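Please look at the sequence and the structure before reading on.

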Amino acid sequence: MYFTIGGRRVQSGLYRVTYVGEESTTPVAKVAKTFGNGQEPTLLASSATARKSRHELEAFHGRQDPNAVKVAWPHLSNNDRFIRWAARVAIEHQPVETWADKALTESDSKIQVEALLALARVAGVCPQHRTDSSPPVDTQMRDKLLAAVLAIDLPKLDATSQLTVQRTLQIILTRFGRPDDATVQKLTVALAPLFPAESFELNWLLCETLGWLQSPTVAAKAMALIDAAPTQEEQVQYARSIRLLKAGWNDELQTAYFEWFLKAANYRGGASFAKFIEFIRNDAVASLSDAQKDSLKEVLAKKPVQKSALENLGAIFKGRPETNWTLDELSQAARTDLKQRDFRNGRKMFAAAGCFACHRFRNQGGMTGPDLTTAGRRYSSHDLLDQVVNPSKVINDQFSAVTVVTDEGLVHTGVVVNLGGDRLTLNTDLTDPNKRVNIDRNSIEELIASKTSPMPAGLFNRMTKDEILDLTAYLISGGDAGHEYFQK
Ligand code: HEC
C-alpha cells in the first residue's frame, strides 16, 4: 500500500524501523558506559551495592536458612522498594513460627509495617485459594495482627509506610475476614481521621477499606473527592469503593452519587469500560433499601444524555466569552509570570480544557494522543503554548490524521490505529478510543496525510490568562507540586 505524504507516494512499512545516520549502532556493552557520560560515579557505586544486597536477599528465596531472618530484617525499611520486596520474600520463605512474634512486637514502625505484611500473607489464605482441606481461618492471628496495626501511630508514618500499612490492613481483612464489631469500631476510629489524605494512592486504599468497614463518614468524604477529582480514573475509583456502602448516606449525597453515573456514562475507556460503570451502578442500586429506591426514583430513572467528551469537558467554562489568545501574548505572560502558580488549579484546568481526554499524563488520561508527562522537559513554555494555540503547525507524524477515500466514494478521516492483512483501522474521534472504522485496504482509492492536527484548536479560548499559566506550569513541571513554579 502507498501513502501520499507531501505529494510524494511512499510505500508503507509501519512495522519496520531503520536507522539512517552517523551514530554508532553497536549495543552498549556495560552499565558503566551509560553512566559514564560525566555523571556521578557514586550513582554507579550505589546501584552496584544495591544490586548486590538484592541478590544476597534473593538467595534466600525458596530456601530455608537459619540466617535469613537476621540478614533480611533490617532491609525491610530500605528506601529501595525492590530491596524491601526481596527482604520480605526472603523472610516469608522461613518457618513462620521463627519470626511471627518478632513481626508482632517490632518497635521500628517502618520495619513493622512490612513485617506484618509478610505475616498476613503467610498466615492467611487468600479466599480464592481456600479449599475444603484448608485449615480454618486463624482468628487469633487475625486479632493479633489487627492489634499490632492499631498500636502503630499511623499519622506519624512516612508516605511509603502509610501505603504499606493500608495495603497490609486490606490483606489482613480479605484473608482473615471481618473481625468483631468492637474491632471494626476501633479500626474505623483509627482510619477515618486519615481520610482524605494528600495523595490519590492513599485515598484509594482508605476509601476502599473505610467503605468496607461501613464507616459513617466515608460517603460524604468520597462524594467530595469525586466532585473535586480532575480525572475520571480517580472519580471511578472512589465511586467503585462506595458502591456497597450502606452507612452515612442521605438523600442529597445519594442523588449526587447517582447523578455522577449519568456523567460517567459519557466517560471513555477501553472496550468494556461502559460495562464496568454499569456493574458499579448495579451494585450501588442493589445496596439501596426499598425506601431509598423510592425517594431516589427520579434520578434512578434518568437516562444519560450522550455528548462528545469535549462538549462535556468544556462545561465548566460554559457562558464565558471567547478570547482569541495569540501565541505572543501567552508566551510573553509565561516569560514573566510562571511563578507562584496554583498547582491544583493547573491540574484542574488540564482536565477541564480536555487535555486528559486524549493525553496521558502521569499514568492517567487517554492514550490516543502522545503522553505529555515529559513534554515539559522537551519543550520550552513558548513551544508548548505554540502546540496548543497552533496544533497544526507541527504535527507529530505518529498521530497525524489521514483521509481515506474508498472506491465507493466514502471518505473517512482519522488516525491509523491498526494495519494488518487487508484491514486498515482508523480512530475517527480521539476523545473516544472506541470510535473506529475498519476499511478494506483493497477498496482504498486514495490515502492523504491530513495537514490538520487531530488536536482541536482554540482549547484555551474560554480560559483566563491565569488559568492558562497554571495549566502551563502544571504541564512543564511534569505534575510535580514541589516545582519552583509553585513556590509561594
Ligand atoms: C482530541 C484530542 C486532543 C485533545 C483534547 C488535546 N490534544 Fe494535544 N495532541 C493531540 C494529538 C493527536 C497530538 C499529536 C499530533 C500533533 O502533534 O498535533 C497532540 C499534541 C500535543 C502536544 C505536542 C506533544 C508532542 O509530544 O509533540 C502538546 C504539548 C499538546 N498536545 C498539549 C495539549 C494540551 C495542553 C491540551 C489541553 C489544553 C491538549 N493537548 C488537548 C490530541 C489532543
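Helices (H or I, at least four residues) and strands (E, at least two) are DSSP runs, numbered from the N terminus. The model is predicted: local features need pLDDT of at least 70 and side-chain atom pairs count only at pLDDT 80 or more, while totals for chains, interfaces and linings use all residues. Residues are numbered from 1 along each chain as its sequence is written, and side-chain values use heavy atoms, with hydrogens and water left out.

**The ligand and its iron atom**

The shell around the ligand has 27 residues, and C355, C358, H359, S453 and M455 are the closest; a residue is near a molecule or strand if one of its heavy atoms lies within 4 Å of it. Helix 22 gives the largest share of this shell, three residues. By type, the shell has 20 nonpolar residues, six polar and one charged. Here Ala, Val, Leu, Ile, Met, Phe, Trp, Tyr, Cys and Pro count as nonpolar, Asp, Glu, Lys and Arg as charged, and the others, Gly among them, as polar.

H359 (NE2) and M455 (SD) coordinate the iron atom of the ligand at 2.0 to 2.1 Å. Donors are N, O and S atoms within 2.8 Å of the metal (3.2 Å for Na, K and Ca); water is not among the atoms, so sites may look incomplete. H359 lies in the loop between helix 20 (355–358) and helix 21 (375–378), and M455 in the loop between strand 7 (444–449) and helix 23 (465–476), so the pair ties together parts that are 96 residues apart in sequence. H359 is buried, at 10% relative accessible area, whereas M455 is partly exposed, at 23%. Buried means under 20% relative accessible area, exposed over 50%, and partly exposed in between (1.4 Å probe, protein chains only).

**Salt bridges**

The structure holds 24 salt bridges, each a side-chain nitrogen of Lys or Arg within 4 Å of a carboxyl oxygen of Asp or Glu. The table lists some of them.

| Pair | N to O distance |
|---|---|
| R344 and E198 | 3.6 Å |
| E233 and R360 | 3.9 Å |
| D432 and K435 | 3.8 Å |

R344 is exposed, with a relative accessible area of 61%, and E198 is exposed at 72%. D432 is buried at 8%, and K435 is partly exposed at 40%.
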